[in-house]
Protein chains: 2
Amino acid sequence: MSDRESSISRTSRIEADYLLETPVDPRAALEAMAGEQSSGTFVSLPAETPELKARAAARVESFEILEQVGDPSLPGSIHAENGYRRVLATLSWPLANLGPSLPNLVATVAGGLFELKQLSGLRILDLRVPDEFAATYSGPAFGVAGTRRLSGVEGRPLIGTIIKPNVGLDASETAELAQSMFEAGIDFIKDDELQADGAACPFSERAGSVMKKLNEYSDRFGRKPMYAINITGDLDQMRRRHDQVVNLGGTCVMVSLNSVGLVGMIELRKHCQLPIHAHRNGWGYLSRHPLLGWSFAAWQKLWRIVGVDHLHVNGLGNKFCESDESVIESARTCLSPLFDSKPCTVMPVFSSAQTARQVPATFDALGSADLIFAAGGGIHGHPDGPAAGVLKIRRAWEKAMKAAN
Amino acid sequence: MSDRESSISRTSRIEADYLLETPVDPRAALEAMAGEQSSGTFVSLPAETPELKARAAARVESFEILEQVGDPSLPGSIHAENGYRRVLATLSWPLANLGPSLPNLVATVAGGLFELKQLSGLRILDLRVPDEFAATYSGPAFGVAGTRRLSGVEGRPLIGTIIKPNVGLDASETAELAQSMFEAGIDFIKDDELQADGAACPFSERAGSVMKKLNEYSDRFGRKPMYAINITGDLDQMRRRHDQVVNLGGTCVMVSLNSVGLVGMIELRKHCQLPIHAHRNGWGYLSRHPLLGWSFAAWQKLWRIVGVDHLHVNGLGNKFCESDESVIESARTCLSPLFDSKPCTVMPVFSSAQTARQVPATFDALGSADLIFAAGGGIHGHPDGPAAGVLKIRRAWEKAMKAAN
């Protein structure tokens, strides 16, 4: 299993690991999956020769039978007389079936599989792709080092915050709130994903107002916190907004990945001159059932190959349903190299109910300070004001890192 | 409920209907949802004034408590002492929060909600958006009427087929297979979603070879079946491939929606001069659990507003997990007007194990012949050859339609 679990690609085939649950013989279920996603059909056809199968068929590389359960996790499967077996398996495809194309990779590893009657559960756990993907797509232009360079923060996490309330503030109110955060010593500030270009707070006004305050602050104090301004929109809008941010002296743009989709992100990456702060909102509908959808390990690789620079991973003791273990696993995977020649590592963004309290455990578990630690209420709502909130979190990180040395 | 269920937009707010399951008081769960997706924060902040809430807050428009269950459908929620209640609810947002932007619509109605601890299940059932969305996006350029005009098929479904084996045939083998289908009398032929531009069957060669056969056939017999060639790829690739198809005299392009994503599809639609055959592969990971993800009714509206022309809906007695009832509901929704001023109706594509056997029930349930009826094995594998397979399906439709009159 250790080779399979490595995130370094050493394969000339595309490989995907799955957790599945099946009412039928596991080998038959896996062969149905491989057939459905390559040369097979449900009726054997004259053109489906052994030579063709050898050339184009998806292969079941390995599988391991886990526990058996009495009830199916998902509806719609064939009824099992003797329970439903859970299986870990790896399938592979020849690169020549699709070429190094991310949209077609998604169609291949996740296209027609999740609706199969032979399955009562299916989750894609991991992906490994040949180096041709690294050569085709840009990967992150900034990542950890570029983010540190632009923000001027070395040797510790960037302490960040979110503009809250999410929506309802106009551009000048947003700018005032942002200014109070700069003055509180924040390293990083981001729009909420609900804030883009509504009439109540238009993008141009918000970007102009906040950047004016940010530039004034930067001129005065010689440090420039990073402002991840949400440019999510249609492609022309995103490119135009990106250019506005560049012209205003901004150093980051934020995008909602699931709203934009792969092709939009690939295009934005081609155009982009700033770090891309990638928000994963919508992640729940792709992942919340443990026997359906995508694991973060598989999903995040798509966006790292495209070339985002920061990726949200939730936080310890978060207000959402995710376990601490899962959060740390996600953050680790962001910092693990993807290709030998091109690591594509990105900065994990911890957020959701984060305060100084979560700092020691976060550092203990991750063993790295290469992250953005974003706190909302813990900073905006600190009883002694936001500067005290920022300082408390910063001190907690210094203490945790010192204790480790 | 009848107004809520109408797919015609008459609202100046954005509305979304949800099925949720909650361990807490339903009203508290709904207020958490509304707060999370608008002005709220989990810590009350100084800037969060009543005026701001009145301007920007999401509203719980209505809710109806359904059954109670003993166990949570999804893990990670707060533990309930007294069971988990299922609720139908409608939330709404001011358009001014986001503007008529499809990517930001997705972030708003489906962004941060699916991971809430107050929920042990959440599915988005339907969406209604103001007319500004119809004005912003193109909608289908061809739909039913344009597809009929280009294919020359009136008054009955287009009888279609899929190139199978999915992958493994080279360009000239694909063209020979396609030719045999044209000669068998097919109206519509599509690539498999696994076939795009792999080295084993490059796009340009495939498009060139198949279109040569198709043009020869068309010159000779005066009818031109529609060939939905899969152009899925990065944006430049899709635009280039589209132009190739136009230059070769093709009349349709096919795209995998979930692989491309919203922004890519919006861009392709701007460029496209041909009907867009929209493949929904990957739909299972968005929908298979009944208390998670997206209903087809909500999801399909996004793509119709963008402007696809054909949309896959599976078929009766399909090889996948979907019920016949759900298939028919999906097909009906494709044919129901979306906006008063702009119906955006699209042609539903029935496929998966379809033969003449499913025809009477399909017509009975749908009450319309405005569809593409695609059969794979039932045509390629017919014992008397593909012409007999096509004829049998066509006769079955004629008989079903005659019986109804």
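Predicted model: local features only at pLDDT ≥ 70, side-chain atom pairs only at ≥ 80, totals over all residues.
**Ground rules.** Residues count from 1 along each chain as its sequence is written, and chains are lettered from A in the order in which they are written. Local features need pLDDT of at least 70, side-chain atom pairs count only at pLDDT 80 or more, totals for chains, interfaces and linings use all residues, and side-chain values use heavy atoms, with hydrogens and water left out.

**Interface.** I started with the A/B interface. I found 93 residues of chain A in contact with 93 residues of chain B; contact means heavy atoms within 4.5 Å. The two chains bury about 7,200 Å² between them, 58% of it on carbon and sulfur atoms. That area is what two parts lose in accessible area (1.4 Å probe) on being put together, summed over both. On the chain A side, A:E115, A:Y285 and A:R288 lose the most area to chain B, together 12% of what that side buries.

Next I looked up the charges. The rule finds eight salt bridges across the interface, each a side-chain nitrogen of Lys or Arg within 4 Å of a carboxyl oxygen of Asp or Glu. I noted the pair B:E115 and A:R280, whose side chains meet at 3.9 Å, N to O. The chain A side that touches chain B divides into 39 nonpolar, 38 polar and 16 charged residues.

**Core.** Which residues touch the most other members of the largest nonpolar core? I got A:Y18, A:V109, A:W294, B:Y18, B:V109 and B:W294, out of 221 residues. Such a core is a set of buried Ala, Val, Leu, Ile, Met, Phe, Trp, Tyr and Cys residues joined through side-chain atoms within 4.5 Å. Buried means under 20% relative accessible area, exposed over 50%, partly exposed in between (1.4 Å probe, protein chains only). Leaving aside neighbours within four places in sequence, A:Y18 has contacts including A:M33, A:W93, A:V109 and A:I124.

**Helices of chain A.** I took helices (H or I, at least four residues) and strands (E, at least two) as DSSP runs, numbered from the N terminus. Helix α11 (residues 262-271) has eight of its 10 residues buried, so it is largely enclosed by the rest of the structure. In α6 (residues 143-151), the buried residues include A:G143, A:V144 and A:R148. The buried set of α6(A) packs against β5, β7, β11 and β12 of chain A. Just after α6(A), A:G152 takes a positive phi of about 70 degrees. In α14 (residues 324-334) I checked A:T333, which counts as buried because its relative accessibility is 14%. A:T333 touches A:F296, A:A297, A:Q300 and A:R304, not counting residues up to four places away in sequence.

A cis peptide bond joins A:K164 and A:P165, with omega about 0 degrees; A:P165 lies in the loop between β5 and α7 of chain A. Chain B has a cis bond joining B:K164 and B:P165, omega about 0 degrees.

In the loop between α14 and β12 of chain B I found B:C344, a residue other than glycine with a positive phi near 55 degrees. B:C344 counts as buried because its relative accessibility is 6%. B:T345 is in the loop between α14 and β12 of chain B, and at 23% it counts as partly exposed.

Key. Nonpolar A, V, L, I, M, F, W, Y, C, P; charged D, E, K, R; others polar.
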